[in-house]
Amino acid sequence: MNKRSIVILLVLSIFFSTNSQSSKTQKTTIEIKNTTIIGKVLAGYQGWFNAKNDGAKLGWKHYGNNNQFNSGNASIDFWPDVSELDEDELYETEFTHINGKAAYVFSSANSKTVNRHFKWMNDYGIDGVFAQRFVVGLTRGQKRIDNYNKVFDNCFIAAKDNNRLLSLMYDLSGTDNTNVVETTIQDWKQLVKKYKLNDPTNPNILTYKGKAVVSIWGVGFENRKYTLDNIKELIDFFKNDAEYGNCVVLLGLPTGWRELERDAVADTKLHDVIKMADIVHPWTPGRYKTLTSADKHKEDYTIKDQQWCNENGLLYMPVVFPGFSWANMKKDASLFNQIPRLKGEFLWRQYYNAISSNVKTIYVAMFDEIDEGTCIFKVDNNPPAGKSEFLTYEGLPSDYYLWQTGEAGKMLRKEIPLSKTQPIYPN
């Protein structure tokens, strides 16, 4: 081989080596970018449903009252569609269908079912979820802690298997200022050690501005025992701790946070706390009940909230919900179908109102919340008969709200035109 050939080979080797490294760098950049909250519609995932004999030893948690789940004694207003579930995912109940056959439910402790839920998200183009984690439950015995950890593990694996995004949302409801900070921090540390939740290169962890997102829900509401100083301490930890921090923080706030009215504390310190965080997430389920009031909420809150956040360098993430009902949980028939879904029109109007206000991301409450009737996952349109009454999707297909939410994501990203009229479900 002559000198000229050696030089050519050396140049080619350098060229391909450089381009190979460039490709690797570009791929990594794309993967990180794909995890951003911008342009995403994400749902809340309760994951709190347990069934007798599911291994958690928590009985019929969130299905029945006082651990009893039978006709006339239920705490859910929708019955889950379990027609696609395998035999090892089904838990028989005392309820029966009109044909006399036994009715079955699922358990969030079953990894196969959680994986199926995330597959539905992938199938319909829903970007991912915020996994709910109730801090007060972390103080109520090892069985609950073990179940929380099992459900989160199910979610983490399912997000990876189905290429969906995942973020952890700490709900502070029911806690007080004696343990909320310490309990939350200790729990986060053990999760970070196992899952690297604060690592933005973790391919299925939700990010914003190149950092992992962690959420604190229940900030600034009236009549809470924990304080705004507690929240400041948690924000500082999540953002600045040398080993477990380096996150951006989403705050779940009351509807009246901006004007310090309605369900918010009348304390200007709340605004100082909010400015420490990165993402504003006001809670709206139950705050409006009709298309007209949803439109009014857009004018009075969404647009003005968005403007306040823009002026203060914060990302605004509004909450939408498909309807509301909690008659069985409250044992009050007057609360049945309290906020009607209007065959999808109510939720679609909220999607339109948010997107037409130029928001960059949306949170839908909730994926699996059948207690309060805000679920978007598949439900049984032929629920069990008996003393307990259950809602249906009003003749719409079981997957209608999954499909509709996927369409909303397309509209948010401008993949389909902005439309006040909800799209037509494909035949």
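In the second largest pocket, the lining residues divide into 10 nonpolar, 6 polar and 4 charged; Ala, Val, Leu, Ile, Met, Phe, Trp, Tyr, Cys and Pro count as nonpolar, Asp, Glu, Lys and Arg as charged, and the others, Gly among them, as polar. The model is predicted: local features need pLDDT of at least 70, side-chain atom pairs count only at pLDDT 80 or more, and totals for chains, interfaces and linings use all residues. Residues are numbered from 1 along each chain as its sequence is written, and side-chain values use heavy atoms, with hydrogens and water left out.

**Confidence**

- The mean pLDDT of the protein (the predictor's confidence in each residue, from 0 to 100) is 92, and 92% of its residues reach 70 or more.
- Over residues 1-32 pLDDT stays under 50, and the model has 5 contacts beyond four places in sequence for that stretch; contact means heavy atoms within 4.5 Å.
- Where pLDDT is low, the predicted coordinates should not be read in detail.

**Pockets**

- A pocket is found on a 1 Å grid over the protein atoms alone, as an open set of points with protein on both sides within 12 Å along at least five of seven lines; a cavity is a set of points where a 1.4 Å probe fits but cannot get out, and lining residues have an atom within 4 Å of a point.
- Grid points are joined across faces, edges and corners, and a volume is the space filled by probe spheres set on the points.
- The second largest pocket holds about 370 Å³ of space.
- Its lining has 20 residues, and Trp 48, His 62, Phe 134, Arg 144 and Tyr 148 lie nearest its centre.
- Two or more residues of that lining come from each of S4 and H3, and H3 gives the most, with 6 residues; helices (H or I, at least four residues) and strands (E, at least two) are DSSP runs, numbered from the N terminus.
- The largest pocket holds about 460 Å³.
- Among the 25 residues lining the largest pocket, Trp 217, Trp 283, Phe 324, Glu 369 and Glu 372 are the closest to its centre.
- Strand S4 (128-134) and strand S5 (165-171) each supply at least two residues to the lining of the largest pocket.
- By class, the lining of the largest pocket has 13 nonpolar, 6 polar and 6 charged residues.

**Cavities**

- The whole structure has 2 cavities of 30 Å³ or more.
- The volume of the largest cavity is about 150 Å³.
- The largest cavity is lined by 17 residues, with Tyr 288, His 297, Thr 302, Pro 318 and Val 319 nearest its centre.
- Helix H7 (291-311), strand S11 (319-320) and helix H9 (345-355) are the elements that give two or more residues to the lining of the largest cavity, and H7 has the largest share, 6 residues.
- The lining of the largest cavity divides into 9 nonpolar, 6 polar and 2 charged residues.
- The second largest cavity holds about 40 Å³.
- Phe 152, Leu 166, Ser 167, Leu 168, Trp 188, Leu 197, Ile 205 and Val 213 line the second largest cavity.
- S5 gives the most to the lining of the second largest cavity, with 3 residues, and by class this lining has 7 nonpolar, 1 polar and no charged residues.

**Nonpolar cores**

- A nonpolar core is a set of buried Ala, Val, Leu, Ile, Met, Phe, Trp, Tyr and Cys residues joined through side-chain atoms within 4.5 Å.
- Buried means under 20% relative accessible area, exposed over 50%, and partly exposed in between (1.4 Å probe, protein chains only).
- The largest core has 106 residues, and Trp 188, Leu 197, Ile 216 and Leu 251 have the most contacts inside it.
- Helix H3 (residues 142-161) contributes the largest share of this core, 8 residues.
- Leu 197 touches Phe 152, Phe 156, Leu 168, Trp 188, Leu 191, Val 192, Ile 205 and Ala 212, not counting residues up to four places away in sequence.

**Two single residues**

- Gly 406 is in helix H10 (residues 400-412) and counts as buried because its relative accessibility is 3%.
- Leaving aside neighbours within four places in sequence, Gly 406 is in contact with Tyr 124, Gly 125 and Ile 126.
- The C-alpha atoms of Gly 406 and Asp 123 are separated by 9.0 Å, with the two residues 283 residues apart along the chain.
- Lys 387 is in the loop between strand S12 (362-364) and H10 and counts as exposed because its relative accessibility is 73%.
- Lys 387 is in contact with Ser 71 and Gly 72, leaving aside neighbours within four places in sequence.
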